[in-house]
Amino acid sequence: MSMLPPDVHAALQQLVQGLQATDNNVRMQAESQLVSEWVSNRPEVLLMGLAEQVQGSEDANMRTSAAVLFRRMATRSRKDPATDTSKELFLTLGAPQKAAIRAKLLQSMETETLPSVRNKCGDAIAEIARQYAEEGEPWPELLGALFSLSQSADTTHRESAFRIFATTPGIIQRQHEETVLGAFTKGFKDDDVRVRLAAVEAFASFFRSLNKKAQQKYYALLPDILNILPPIKDSGDTDQLANALVALIELAEVAPKMFKPLFNNLVKFSVTVIQDTSLGDTARQNALELMATFADYSPQMCRKDPTYTGDMVTQCLSLMTDVGMDDDDAEEWNAYEDDDVDESDMNHVAGEQTMDRLANKLGGSTVLPPTFQWLPRMMTSAAWRDRHAALMAISAISEGCRELMIGELDKVLDLVIPALRDQHPRVRWAACNAIGQMSTDFARTMQENYHQVVLPNIIPVLESSEPRVQAHAAAALVNFCEEAEKVTLEPYLDNLLSHLLQLLQNPKRFVQEQALSTIATVADSAEGAFSRYYDTLMPLLFNVLREEQSKEYRLLRAKAMECATLIALAVGKERMGSDALELVQILGRIQQSINDPDDPQASYLLHCWGRMCRILEADFLPYLPAVMPPLMELAGAKADIQLLDDEEKVAQVEQEDGWELVPLKGKVIGIRTSVLDDKHMAIELIVIYATALKAAFEPYVDEIMDKIALPGLAFFFHDPVRVSSAKCVPQLLNAYKEAHGPESTKLGQLWERTVEKLLEVLSTEPAIDTLAEMYQCFYESVEVIGKNSLTSTHMATFIESAKGVLEEYKDRVKQRLEDAAEREEGDEESEETMYAIEDDQTLLSDMNKAYHTIFKNMSTNFLPHWERLLSFYTDFVQNPDPTQRQWALCIFDDVLEFCGHQSWAYHQHIIQPILDGMRDDMPANRQAAVYGVGVAAHKGGEAWAEFCAAVLPTLFQVTQRPDARNDDDVFATENACAAIAKVLHYNSSKVPNPQEIVNAWVDTLPVLNDEEAAPYAYSFMAQLIDQQNPAVMTQADKCFIATARALDAETLQGQTATRIVGAVKHLVTMANLDAAALLATLLPEAQRTVAAYFS
């Protein structure tokens, strides 16, 4: 029975028809009417009327449209008249209206005969259920109705019930386990396959909503779930099989251990699906994805399975031969006008991507043996597809198998290099791909040890008759050259560049574009060695840039700009001469000619301006007024966000590039990422200008800081924008400081509004890795402003934020320890966990640097604020995690270094950690501890003197460890040497046997690595020389060699080096040393370096 009069329904029907009209004007008028007359003025009538249309209209299309519109409107935001807070529209209705609407929708669900309409009705019910669940409000009739439907004799009723469960699992989360178990068990065994599938999808959704402990209660349902698969496969219904596998993938991501008892059975079944060519590609790829998901989330279970790795490698390689089936001679393949063809949905790409994942997750020791059982045979196969697959497999596994493959590169290259001369173009292309990938994955080793194998063999491939092979060879050379040293490339430059110049004459534009990118990379790596090719290349590039080009040549000209400016950066301003200013003028003309928003030259041009600024420095200033406006417009862009409230809009946006879709409360938010990427790039370029131009950039600082950089710190739509803004702020402050001076009122005013925003984001930044960037921004900014840059309020706010961060960190550590306790023996930490640990370590390290900077600039004023964190670091210093101990020790060092005698107030917190730290097996902790002793001796005053003298034996023990001079340990050793010197210099009165200690100290030299420790150590040695102390007089040769080696290592430089050399010259004379003979013990280059100081 309708609760609304007929005229309302007539108006609603007319509205719905208007919203579906093909005429834009009619549709826009209907949209306007919907908002102004219905949503704003009578929302309860709108939703009630739509619910009644769903329930009672005789027109199936009207029932469907009403259900869709109901769901869309129910989620709109509206002020709740009762509470004056913003809520979703349905929840703002009165209780009687909500109850009536719920009843009508449930009744429609039960009586609707068309499955398509019932599904839309179910979506509307699910949306209301979601709103109730999120508000914590009950809908008691819903569960009963759904459980009733799930037991109905009508198949479509049962399917619909599970569909709603799938979209709103929260409504059953709190229910009794037996009821839920029974409903799902019955659903998994339903006579109709569609119901079984709906039940599996609902279970996957429900299962994901549970915590780990609750999930275990449902492990017993897995056999029933897996039993659904074989009948679907046998029926040949590939779509249903693909959907069932998607649900299993979701379960495998959440609880891979659940599958452990039946894992081998599932492996065998999945393999039969993957290799069954009668099934559709989607089902086969989903089976492959299911198996790869186990490698991602439970690698140890995969390693332990007797058939998993061998079967997966075999099936991946088999899929990788499914390439070019209707194009045996590659004629169609080579006809493409681009070497970057999207084949992401192809079987061979699925195989390659899975091989990559297997290698990264299972490791080389597991994946290499079964892979190399196949590869040598495949490389000698008469079938080109086998050879192609083998080469692509090498590309796919090289990153994950790096540690084992790097020692066997000569054998791997023995397989790959001959393929560069293969008769089939796609095999040559794959060989180039392998060379390019290996150049990245084995960077430095490939370039330093195998350049004589790689370059003479791949350069001739640039002469291939197939454009795609030529372009891919050039692309592989980019990977090789960008990791190569100048000295490695120099012998090959003539041959390489002559071939690349030939490619610039190629009729295919994409080949020319790639050749320009490769030349640019070669220039970047060859640096000054590229100078001799300048006169040949730069005129060619200038010609390309001067010519008026049609639209299709824009990318080519953009690549030419990139190439010209990278060559300019390589050879420098002096070599370019007048060309530098001419190039800037050409770029200016190109900028003025850009009118289309999709012109690729625009984004390339921004980077080119940045390079020219770095080259020209102050000479670039006249061009800044033309460069900055478009750059600031991009950097100040707002987020392009759209609410996508129906499936058609979502589907439409999914087809477009440059969008990210975010589900939010039953809706989908579309964010145009292409705009945000440009914004991020523009802010990065502003950083370059501010860094290069310093004071000359001052005219832009105020506007950029207020409109771009500070708002960018809280730009939550895009993490990279926040990161680039964080890097921008200190450079802007520094430019202002350089222009106005450190004491200027203008700088103070700029800092006043900047520091408030910096402190705010330390509390609001949600991403841990980005929060670390915010702390870095804060301490770099404080460093720019300098002494007394923070008020007491600032420091209190900073500590409050830090306290919250540390509490959250401790919670994360606790959760990780609980997760680790649940892992089975042999299970490794997930990649996600390792990244999370790395992010935390970066964050806490940057927080430490912030404390250090504040102590450095605020000294003892920071102590009362810092005390609020003392309990955290007292816990950290006793933690089994050596990194936590290091953080605590470093902060105690700061207290000792910057708070002088007042640091003694904390001696009960500091002394024992320093004693323990000097014996720590982690070198970084020993270094921090012995450094602490040194600064206590230097800055701590009389109160610390006895402690410093008492720990001298322990300092000597640090220098005498068997591994004391190893790369990891040498900094601790050298800091101990410097610390002993400080104790002897500043606290000698407390040392009972100073001459004996001094004699032993000489043996702790040299200091060759730590530039901070070296001046203290060698200054003390010079003091001993001035005193003609027996310790140096009797060991004069040792002191001379220690000094010579420090000069060669450049740990002694500038005035300090001059002063020390003067003392050592005196020592040579006094001790009658044969300096020439001692110098002869050094390498020839070191002899020349040291002789220059002593001449």
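Predicted model: local features only at pLDDT ≥ 70, side-chain atom pairs only at ≥ 80, totals over all residues.

Residues are numbered from 1 along each chain as its sequence is written, and side-chain values use heavy atoms, with hydrogens and water left out.

**Exercise 1.** Find how many cavities of 30 Å³ or more the whole structure holds.

Solution. Take a 1 Å grid over the protein atoms alone; a cavity is a set of points where a 1.4 Å probe fits but cannot get out, and lining residues have an atom within 4 Å of a point. Join points across faces, edges and corners; the volume is the space filled by probe spheres set on them. The search returns two.

**Exercise 2.** Describe the largest cavity and explain where it lies.

Solution. Its space is about 50 Å³. The lining is V930, Y931, G934, N975, A978, A979, K982, E1012, A1013 and Y1016. Helices (DSSP runs of H or I, at least four residues, numbered from the N terminus) come next: α48 (923–939), α51 (970–986) and α53 (1013–1026) each give two or more residues. α51 gives the most, four. Domain 3 (886–991) and domain 4 (1005–1094) both contribute to the lining, so the cavity lies between them. Domain bounds come from an automatic or database domain assignment.

**Exercise 3.** Which elements give two or more residues to the lining of the second largest cavity?

Solution. This cavity holds about 40 Å³. Lining residues include R158, F162, A183 and K186. The elements are α8 (155–167) and α9 (177–188). α9 has the largest share, three residues.

Terms used:
1 Å grid on protein atoms, 1.4 Å probe; cavity = no way out; pocket = protein on both sides within 12 Å on 5 of 7 lines; lining within 4 Å.
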